[in-house]
Amino acid sequence: MSFISRGFRGRRSRQPGAGLIPPGQHLVDGFPVLSAGPTPETALEDWDFTVVDETGATAARWTWEEFRALPSETPTVDIHCVTSWSKLDTSWEGVSVDTLLEDVETSAEYVLAFSDGDYTTNLPLEDVIDGRAWVAWGYDGDDLEPEHGGPARLLVPHLYFWKSAKWVRGLRLLDEDEPGFWEGLGYHNYGDPWRQQRYQGD
Amino acid sequence: MASTAVPGRLTWRLAEVVATADETPAVRTLRLQVPGWPGHRPGQHLDVRLTAPDGYRAQRSYSIATPADRERLDIAVERLDDGEVSPYLNGELRVGDQIELRGPIGGYFVWDPSHGGPVLLIGGGSGVVPLMAMARARARVASTVPMRWLSSSRTLADVVYRAELEQLAAAHDSFELFQTLTRDAPEDWAGHRGRIDERLLAEVAGPADAARQTFVCGPTSFVEGVATNLVGLGHPPTTIKTERFGATGAP
């Protein structure tokens, strides 16, 4: 489209690292919060993380203590929210999804992450394995704050950030793809920020 | 949680600014004529895209302030002095100018009179914009669904939609208006003073009611505080829908 906004110049030249962010995004210094309801409060003694396989059986389960004893990694990644903010070089600590699926036998091709507060989000399984996704419990050297998804959230930095489900409690492996919460409300099923897959049909 | 799909593809449309109105020193209403607009539900938002002469683009989301009205809709833009887009929309843009937008977006933070009530709307600053679409939708069909409005502003001059809210409160028995000013209140101010805390919420929200639908919109810290307090007062989390904005907040 050749439309030009009269009198608009923008300020990309003032944005360091502007070439590092996907189209339609802008950098922020803070860490905006977006969620559809109140921040859930789950006591750590009641928290667990489960992997449910495609037959509906619990294939793996960790209590908080067991989960925190798993080997962790410290990814430093760029994150991109569909509401158009991006944040570069965010540092996290968490367990690779590869570690969580290590002993799980599956032929599933999709995964539905589920969270406290009834939130869900769907992803192709291949997008959460091979070092591309974590269940993160630390941010910037501290415990992950509840408003940012603590005690633990999914971290899938190569997709729009709604895929990085806050307050995540498990992964359900699926043979057939199933839309999650925002995906059922008109947001894109896959959500690649570099292809600006914000909404259905993008 | 029920979901309702947004039908079809969201295409960029060229909208014309047909009127502007300053609601407060920082918040301006843009009345837009949007050819082909598919309609929307109160509470939904849209994306605005600006394009510079060299092709550089910036886009942001804005809440829609009016219920569906064919190809007309209002958005309200708070000017952020260090912003990239808001000083353009609330400053440079004039009647007769065009902007690109697409929507509607978001199908969760929505209410219309057919959803019933009672309804509690709680807004901080310009977070009242999507709530106003709900209040206006209710007034337009002369609905009698009980609706309570609680908003927080810094000063009297910062109250968005003040005159219209007072009219709504005067005209409808079942629309109740509660307002608080956090910084400066005139001596004869009959509303509340200070931030929305647990005590004020208890007074306005009353006892927990599983049938009540609550919508909270504002800056992150505002929404966090209000939603957490409501849950603390016994309100079921599933009855509270939130919308947050603002590119600030401690990580």
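Student: Between which two strands of chain A is the loop in which A:Pro151 lies?
Tutor: This is a predicted model, in which local features need pLDDT of at least 70 and side-chain atom pairs count only at pLDDT 80 or more, while totals for chains, interfaces and linings use all residues. Residues are numbered from 1 along each chain as its sequence is written, whereas chains are lettered from A and ligands numbered from 1 in the order in which they are written. Helices (H or I, at least four residues) and strands (E, at least two) are DSSP runs numbered from the N terminus. By that numbering, the loop holding A:Pro151 runs between strand E9 (142-143) and strand E10 (153-155).

Student: What is omega for the peptide bond from A:Gly150 to A:Pro151?
Tutor: Most peptide bonds are trans. The bond from A:Gly150 to A:Pro151 is instead cis, and its omega is near 15°.

Student: In which strand of chain B is the place of B:Pro104?
Tutor: Chain B has a cis peptide bond from B:Gly103 to B:Pro104, with omega near 0°. B:Pro104 itself belongs to residues 98-105 of chain B, which form strand E6.

Student: Does A:Asp89 count as buried or exposed?
Tutor: A:Asp89 lies in strand E5 (residues 85-96) of chain A, and its phi is positive, near 55°, in a residue other than glycine. A residue is buried if 20 or more other C-beta atoms, placed from the backbone, lie within 10 Å of its own, exposed if 12 or fewer, and partly exposed in between. Because A:Asp89 has 10 C-beta neighbours inside 10 Å, it counts as exposed.

Student: Is B:Tyr161 buried or exposed?
Tutor: B:Tyr161, in the loop between strand E8 (147-155) and helix H3 (162-171) of chain B, has a positive phi of about 65° although it is not a glycine. Since 24 other C-beta atoms lie within 10 Å of B:Tyr161, the residue is buried.

Student: Which residues is A:Gly170 in contact with, leaving aside its neighbours within four places in sequence?
Tutor: A:Gly170 sits in strand E11 (residues 168-174) of chain A, and with 20 C-beta neighbours inside 10 Å it counts as buried. Contact requires that the C-beta atoms of two residues, placed from the backbone, lie within 7 Å. Beyond those sequence neighbours, the partners of A:Gly170 are A:Phe49, A:Thr50, A:Val51, A:Val52 and A:Phe114.

Student: At what angle do the axes of helix H4 and helix H5 of chain B cross?
Tutor: Axes are lines fitted to C-alpha atoms, for helices over the stretch in contact, and angles run from 0 to 180 degrees between N-to-C directions. The axes of H4 (residues 198-205) and H5 (residues 220-232) of chain B come within 10 Å, and they cross at roughly 65°.

Student: How far apart do the C-alpha centres of domain 1 and domain 2 of chain B lie?
Tutor: Chain B is divided into domain 1 (13-105) and domain 2 (113-245), with bounds that come from an automatic or database domain assignment. The contact takes 14 residues from domain 1 of chain B and 14 residues from domain 2 of chain B, and the separation of their C-alpha centres is 24 Å.

Student: How many residues of chain B are in contact with chain A?
Tutor: The predictor gives the complex an ipTM of 0.85 and a pTM of 0.90. On the side of chain A, 40 residues take part, and in chain B the number is 46.

Student: What is the mean pLDDT of chain B?
Tutor: The pLDDT is the predictor's confidence in each residue, from 0 to 100. In chain B, 94% of the residues reach 70 or more, and the mean is 92.
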